[in-house]
Amino acid sequence: MSSFISNSEPNAPIHRRYLIVFFGTVLVGVVLAALFNRAVNPYSLFPSDWISSDSKPETFSHLRMVKAAQVKYVRPSAIILGSSRAETGLDPHHSMWPSRPVYNLGLSDAGTYEIFRYFQHASEVAPIKDVLLLLDYAAFLEGGHTAPDFAEGRLATFPDGSPNPTAAWDDYLMGLLSWDACKGSLATIFQWDADKRYLDDGSRDAKTEERRVINKGGAAVAFRAYEARALPALASSSPILGAVEMSHLDRILTLARTKGISLRLVIAPMHGRYQEMMVQTGHWPTYENWKRRITTIVEAEGRRSKASPFPLFDFGVYDELTTGTVPERGLAEFYFEASHFTKALGDHVLQRALSFPDDHSHIPPGGFGRLLRSESIGTHLEAIRVAQKNYQTTHSEELMPLR
């Protein structure tokens, strides 16, 4: 026994030195990684970059993390809410915005719950005065889900509106100390290509979107490629409005009223070809019913609050702006494909919506940007059906593949 002890004691200092060197090396590596990721700031978790970059390629893959952080530092007076259609087509720099700065808080594939929660978050961390909410029919269908990168813990409030004192702690750990963050920092430094490119105002970069269309072969090819994906998806989805999904709209209205925020709601301007897909897949009657339902919800909130209802505009119509011919080569003026519209069309939407109440009474039933009211929505929907039949007749050859 004594021999064993005497032989092992001289090795003890070596073991201690090994452990000290090992853990010291690990600690230095962790500190260097954290400093590197803080300097590059690939997910915009901090208000400034120590190493400047032209763009953040990791924004799209970590969109909900990036935008939750950015809205805290931009501290906008106005925000844009909605899905990818909002972030692609609505310009935060449009001249009609009544307050600035404006941040595009649109989220790709966002459901109504996510939109509500990010509105809660933004109104908690920034002095929001004006909100424009782009409404997408698909977000209100039964069985809605949150995106894989959605996390309650990163938002400044809990769903009941109470403050979240540990908001974004997990994001900071991941953004500083993860291998994913190191790869994101390298992607940012070397400006690796990304599927989508985002600007500092939260909107998608139009030049990147245009380049994607051109690389596919032009607008007609881009339209057909999108329709090949969207048509089966629409056909397989049930045309049933979800009670839970609809209830989140009422929560958005209530929050805006409670906070004294000016809210404008707009129904997304889908191309006539997308609307035809809704006809072919049996969604059109539910789409009309959805317009009636959201009109009722908006007006009920106004009565409950003893105030004028928030304005609701319908851009989901058949109009010269939404039914333009799709060129075989080059770009279409108002659409990247049948679902996502360009800022050129978005400017028409913002001009109508942001000029309220001064510039709306002349819009006829079925017209682009018609203000919806329950007493006149029947006439409006009938006018859209007439325009729809005319479009189907005049574009029958173009629409044949969809049938």
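Start by selecting glutamate 209 and arginine 204: their side chains form a salt bridge, 3.9 Å from N to O. Both glutamate 209 and arginine 204 are buried. Keep in mind as you look around that this is a predicted model.

Lys67, Glu87, Arg204, Glu209 and Arg212 belong to one network, joined by salt bridges that share partners. In total, the count of salt bridges comes to 21.

Next, pick glutamate 114 and arginine 64. Their side chains meet in another salt bridge, with 2.4 Å from N to O. Glutamate 114 sits in helix 5 and arginine 64 in helix 3, so this pair ties together parts 50 residues apart in sequence. Are these two buried or exposed? Glutamate 114 is buried, at 1% relative accessible area, and arginine 64 is buried too, at 3%.

Stay with helix 3 and select residues 63-74. Nine of its 12 residues are buried, so helix 3 is largely enclosed by the rest of the structure. Among the buried ones are Leu63, Met65, Lys67 and Gln70. What covers them? Show helix 4, strand 2 (102-104), helix 5 (112-125) and helix 6 (169-177), which are included in the cover.

Of its 22 lining residues, Ser44, Asp49, Lys56, Gln70 and Asp200 are the closest to its centre. By class, its lining has eight nonpolar, eight polar and six charged residues.

Then move to the largest pocket, with a volume of about 1,100 Å³. To find it, select Arg85, Asp109, Ala138, Tyr226 and Tyr274, which lie nearest its centre among the 40 residues of its lining. Which helix supplies the largest share of that lining? Helix 9 does, with seven residues. The lining counts 16 nonpolar, 13 polar and 11 charged residues.

For a last stop, select lysine 291 and aspartate 314, whose side chains meet in a salt bridge of 2.9 Å, N to O. This pair links helix 12 (residues 284-305) with strand 5 (residues 312-314), the two partners being 23 residues apart. Lysine 291 is buried, with a relative accessible area of 1%, and aspartate 314 is buried at 0%.

Terms used: Residues numbered from 1 in each chain as written. Predicted model: local features only at pLDDT ≥ 70, side-chain atom pairs only at ≥ 80, totals over all residues. Heavy atoms only, no water. 1 Å grid on protein atoms, 1.4 Å probe; cavity = no way out; pocket = protein on both sides within 12 Å on 5 of 7 lines; lining within 4 Å. Points joined across faces, edges and corners; volume = space filled by probe spheres on them. Helix = DSSP H or I, 4+ residues; strand = E, 2+ residues; numbered from the N terminus. Nonpolar A, V, L, I, M, F, W, Y, C, P; charged D, E, K, R; others polar. Buried < 20%, exposed > 50% of the residue type's maximum accessible area, 1.4 Å probe, protein only. Contact = heavy atoms within 4.5 Å. Salt bridge = Lys/Arg side-chain N within 4 Å of Asp/Glu carboxyl O.
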